[in-house]
Amino acid sequence: MFATVITPLVSPKCTGCHAGVQVPNLSSYDALQAIYKTPPGASNILVTEADATQGMHNNILYFTADQKTQVINWINTPNN
């Protein structure tokens, strides 16, 4: 599910920085650290990261509300 749900949301806007040594590594499910895929999804840092900055992260628009819902559902689904 990572490849079908998360990859389209983060590529190419996030993987320029987050596909190697900079955490979170969003290049694959196996590379993604546990903290970023551990429920509950609604309070996971992957969803809440940009909340304090009005939806921006490093001057890039973070997830929309619909995209956050997709990420939350992905995190809350076992065997991603």
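Pro40 sits in the loop between H1 and H2, where helices are DSSP runs of H or I with at least four residues, numbered from the N terminus. The peptide bond that joins Pro39 and Pro40 is cis, with omega about 5°. A cis bond is also found from Val23 to Pro24, with omega near -5°. Pro24 belongs to the loop between helix H1 (2-10) and helix H2 (45-48). The model described here is predicted, so local features need pLDDT of at least 70 and side-chain atom pairs count only at pLDDT 80 or more, while totals for chains, interfaces and linings use all residues. Residues are numbered from 1 along each chain as its sequence is written, and side-chain values use heavy atoms, leaving out hydrogens and water.

Phe2, Val5, Ile6, Leu9 and Val10 are the buried residues in H1. Seen down the axis of H1, the buried residues fall within an arc of 105°, so they line one face of the helix; the arc is taken from the directions from the helix axis to the C-beta atoms. The buried residues of H1 pack against H3, a contact being heavy atoms within 4.5 Å.

The largest nonpolar core has 17 residues, and those with the most contacts inside it are Ile6, Leu46, Val71 and Trp74. Such a core is a set of buried Ala, Val, Leu, Ile, Met, Phe, Trp, Tyr and Cys residues joined through side-chain atoms within 4.5 Å. H1, H2 and helix H3 (65-76) each supply at least two residues of this core, and H1 gives the most, with five residues. Leaving aside residues up to four places away in sequence, Ile6 touches Met1, Val71 and Trp74.

Aromatic rings come next. The structure holds four aromatic pairs, where rings of Phe, Tyr and Trp (its six-membered ring) pair if their centres lie within 6.5 Å; planes under 30 degrees apart count as stacked, over 60 as edge-to-face and the rest as tilted. The rings of Phe2 and Tyr29 have centres 6.5 Å apart and planes at 65°, so this pair is edge-to-face. The pair links distant parts of the chain, with Phe2 in helix H1 and Tyr29 in the loop between H1 and H2, 27 residues apart. Phe2 is buried, at 5% relative accessible area, whereas Tyr29 is partly exposed, at 28%. Ring pairs link Phe2, Tyr29 and Trp74 into a cluster. Lys37 lies over the face of Tyr29, at 3.8 Å from the ring centre; the criterion is NZ of Lys or CZ of Arg within 6 Å of the ring centre and within 35 degrees of the ring normal.

Finally, a search of the whole structure finds zero disulfides, a disulfide being a pair of cysteine sulfur atoms within 2.5 Å. The sulfur of Cys17 is 8.6 Å from the closest cysteine sulfur, in Cys14, too far for a bond. Cys14 counts as buried, at 14% relative accessibility, and Cys17 as partly exposed, at 47%.

Notes
Buried means under 20% relative accessible area, exposed over 50%, partly exposed in between (1.4 Å probe, protein chains only).
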